[in-house]
Amino acid sequence: MIGQIAFIIILAAAVYLFAKNAGKIRRNILLGKDTDRSDRPAERWMIMTKVALGQTKMVKRPVAAIMHFFIYVGFIIINLEVMEIMIDGIFGSHRIFSKPLGSLYGLLIGSFEVLAVLVLVACVVFLARRNIVRLKRFSGTEMTEWPKSDANYILCIEICLMTAFLTMNAADYKLQILHYTHYIKAGSFPVSSFIAPLLPDSATSLAIIERVCWWLHIVGILAFLNYLPYSKHFHILLAFPNVYYSNLEPKGEFTNMPSVTNEVKAMLDPSFVPESNGEVSRFGVKDVTDLTWKNLMEAYTCTECGRCTSVCPANITGKLLSPRKIMMDTRDRITEVGNNIDKHGKDYTDDKTLLDNYITREELWACTSCNACVEACPVNINPLEIITEMRRYVVMEESQAPASLNNMFGNMENNGAPWKYSNADRLNWAGEK
């Protein structure tokens, strides 16, 4: 009974803390401006099934795709076993699903063990790729000590959780053979049966090992759950909705700016009065609250995998731009804004902005707008949209475009084309012999 009470308290506390921190992230996302992504639901479901569930964009890098698939499937399926552990913890039962599932239960436990080994292998491979092979895309100016440590922490936690799970099953397997107290014959143990000989033969010691690993496994999962809101691995929860709300328009198509549309309507119709929600109209984006909620969701969904940066032509040629940094900076800034709201209230301003304080103008103008980063992202994140909107602010609000662009703007205004030649001279080349 003491164990049940302790488990219920730990479970309730873990769920409460997670809900609280996840609620803050939801609040931060909703600080963005509204945008409608409810159209074409059938197409959205299809894209989500293909990209998020089917992992189709991962296969461009086969090794990473296979290893990630092991972890992905293991995470989903082994959580079925976590349901049983939670029910056992609350009601004081042991392997409560064994009787209703019958022979199927053995197949499930055996599958869980095989998946646990595959997850262990994948985590070891990923640790080696990051810390021994040191793949280039895992480095960069934005990849400071915390992002690197965060990835390693998660992989080590997963290794510990799978080890605890297999050791728990190995002890349970030996206790079942010994017919010790309530350890009924249930389950199939194709992996842990090989671990069992490494454990002591004493029933008392085995029972202690089984209970310790049981607690380590379930408390570790609850701790992992509460680590997610502070980690890039929050994408575990946001990847599916983020892909569902993807932009369905062609990648090169620009969006109309409501603020510009209102200006044009006012020029054509002096009686036109635009709708106002009390906010000052702004061209483009200066700070994160000028972005849409979808942009902010993408910032929290970013896995920092570096696929976008590794294919960015500007980054490849040594320029300052890194699409991954754009998303990380956006996430850091909106988190800072949210923390300021918690500490000082919603009207507090810290005199910081996403532009200049986080993302430099050199980064913005290094972008070639090629959409390579958008195409490469495995969860359909769009760094280019943020870059474009910030460029719009610099040009339309501050009139601080680079000199080469200002020359082009002047030519377009005067000549109707980006070049310096007048309309009258445009066909002169055709008359040359």
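The model is a predicted one. We start with helix α18, which covers residues 383-396, and then turn to the second largest pocket, with a volume of about 770 Å³.

**Helix α18**

- The helix has 14 residues, and at 1.5 Å a residue these should span 20 Å. Its end C-alpha atoms are 20 Å apart, which agrees with that expectation.
- Because 11 of its 14 residues are buried, α18 is largely enclosed by the rest of the structure.
- Among the buried residues of α18 are Pro383, Leu384, Ile386 and Ile387, as well as Glu389, Arg391 and Arg392.
- These buried residues have several helical neighbours to look for: the buried residues of α18 pack against α11 (293-301), α14 (323-344), α15 (354-357), α16 (361-366) and α17 (372-376).

**The second largest pocket**

- A total of 31 residues line the second largest pocket. To find its centre, look for Met58, His68, His233, His235 and Thr303, the lining residues that lie nearest to it.
- Two or more lining residues come from each of α2 (41-53), α3 (62-91), α5 (103-131), α6 (145-177) and α9 (235-244).
- Of these elements, α3 gives the most to the lining, with six residues.
- By residue type, the lining of this pocket divides into 20 nonpolar, five polar and six charged residues.

Conventions
Residues are numbered from 1 along each chain as its sequence is written. This is a predicted model: local features need pLDDT of at least 70, side-chain atom pairs count only at pLDDT 80 or more; totals for chains, interfaces and linings use all residues. Side-chain values use heavy atoms; hydrogens and water are left out. Helices (H or I, at least four residues) and strands (E, at least two) are DSSP runs, numbered from the N terminus. The expected span of a helix is 1.5 Å times one less than its number of residues. Buried means under 20% relative accessible area, exposed over 50%, partly exposed in between (1.4 Å probe, protein chains only). Contact means heavy atoms within 4.5 Å. On a 1 Å grid over the protein atoms alone, a cavity is a set of points where a 1.4 Å probe fits but cannot get out, and a pocket is an open set with protein on both sides within 12 Å along at least five of seven lines; lining residues have an atom within 4 Å of a point. Grid points are joined across faces, edges and corners, and a volume is the space filled by probe spheres set on the points. Ala, Val, Leu, Ile, Met, Phe, Trp, Tyr, Cys and Pro count as nonpolar, Asp, Glu, Lys and Arg as charged, and the others, Gly among them, as polar.
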